[in-house]
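This report is written for a reader who meets the structure for the first time.

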Amino acid sequence: MELHNNLKFSRAISPQTQANSDTALVSQILDCAGFEGNELVILTGGLTDADATFVVLLEESAASDMGGANAVADADLLGTEAAASFTYANDDVVRKLGYIGNKRYIRATIIPSGNNSGAAPLAAVWVQGGARVHPQA
């Protein structure tokens, strides 16, 4: 199957190193219109804090500003938020979390805890497939 013209990639969280901070990382809002599949892909680098954890949360909304956002129900996820989450021990890994719900907009948040003595390089990308219009840029 030819993927190049059938997938769309969008920035979710720009590559960055979060050092000594438990500040939540909030993704760009993804417009799911026109796609059958929506996936969050998270990439980590060398995580240097000795006890940090990073919890992933996916929210959905009918509003483009995420007004009235709700946590996505487990039935509307492919994979789990727990499996997409990671700890200080997960250097250089890729995690993924899919969305099959019916809301038009989604947003991800990565919530660090205990990241107070090291650095956490990471990035995230939205991948959309099953486009109703081809080709995708």
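F86 is buried, with a relative accessible area of 2%; buried means under 20% relative accessible area, exposed over 50%, and partly exposed in between, with a 1.4 Å probe and protein chains only. The model is predicted, so local features need pLDDT of at least 70 and side-chain atom pairs count only at pLDDT 80 or more, whereas totals for chains, interfaces and linings use all residues. Residues are numbered from 1 along each chain as its sequence is written, and side-chain values use heavy atoms, with hydrogens and water left out.

**The aromatic pair**

Not counting residues up to four places away in sequence, F86 touches I42, T44, L47, T53, F54, R95, I110 and L122. Contact here means heavy atoms within 4.5 Å. One of these neighbours, F54, is itself buried, with a relative accessible area of 1%.

The count of aromatic pairs comes to one. Rings of Phe, Tyr and Trp (its six-membered ring) pair if their centres lie within 6.5 Å; planes under 30 degrees apart count as stacked, over 60 as edge-to-face and the rest as tilted. The ring centres of F54 and F86 are 4.8 Å apart and the planes stand at 15 degrees, so the pair is stacked. It links distant parts of the chain, since F54 is in strand β5 and F86 in strand β8 (residues 86-87), 32 residues apart. Strands (E, at least two residues) and helices (H or I, at least four) are DSSP runs, numbered from the N terminus.

**The nonpolar core**

F86 also belongs to the largest nonpolar core, which has 25 residues; L40, I42, V56, L58, F86, I110 and W126 touch the most other members. Such a core is a set of buried Ala, Val, Leu, Ile, Met, Phe, Trp, Tyr and Cys residues joined through side-chain atoms within 4.5 Å. Two or more residues come from each of β1, β4, β5 (53-61), β9 (94-99), β10 (105-113) and β11. The largest contribution is that of β11, with four residues. In soluble globular proteins, nonpolar side chains tend to be buried together.

**The sheet around β11**

Five strands form an open sheet with antiparallel pairing, in the order β1-β11-β4-β9-β7. The edges are held by β1 and β7 (77-78), each with a single partner strand, so one side of each is left without a neighbour in the sheet. Two strands pair if DSSP finds at least two bridges between them.

Strand β11 (residues 119-131) pairs with β1 (residues 8-19) in the antiparallel sense over nine bridges. Along this pairing, I13 stands opposite A124, and the bridge partner of S10 is W126. Strand β4 (residues 35-44) also pairs with β11 in the antiparallel sense, over nine bridges, and there G37 stands opposite G129.

**Salt bridges**

How many salt bridges does the rule give? The count comes to two, where a salt bridge is a side-chain nitrogen of Lys or Arg within 4 Å of a carboxyl oxygen of Asp or Glu.

| Pair | N to O distance |
|---|---|
| D31 and R104 | 2.8 Å |
| R107 and E59 | 3.0 Å |

D31 is partly exposed, with a relative accessible area of 30%, and R104 is partly exposed at 41%.

Both R107 and E59 are buried. R107 lies in strand β10 and E59 in strand β5, so this pair ties together parts that are 48 residues apart in sequence. The relative accessible area of E59 is 15%. Beyond four places away in sequence, the contacts of E59 are M66, A69, N70, A71, V72, Y105, I106, R107 and T109.

**Positive phi values**

M66, one of the residues that E59 touches, is not a glycine and yet has a positive phi of about 65 degrees. M66 is placed in the loop between β5 and β6 (70-71) and counts as buried at 4% relative accessibility. N20, which is likewise a residue other than glycine, has a positive phi near 50 degrees. N20 lies in the loop between β1 and β2 (25-26).
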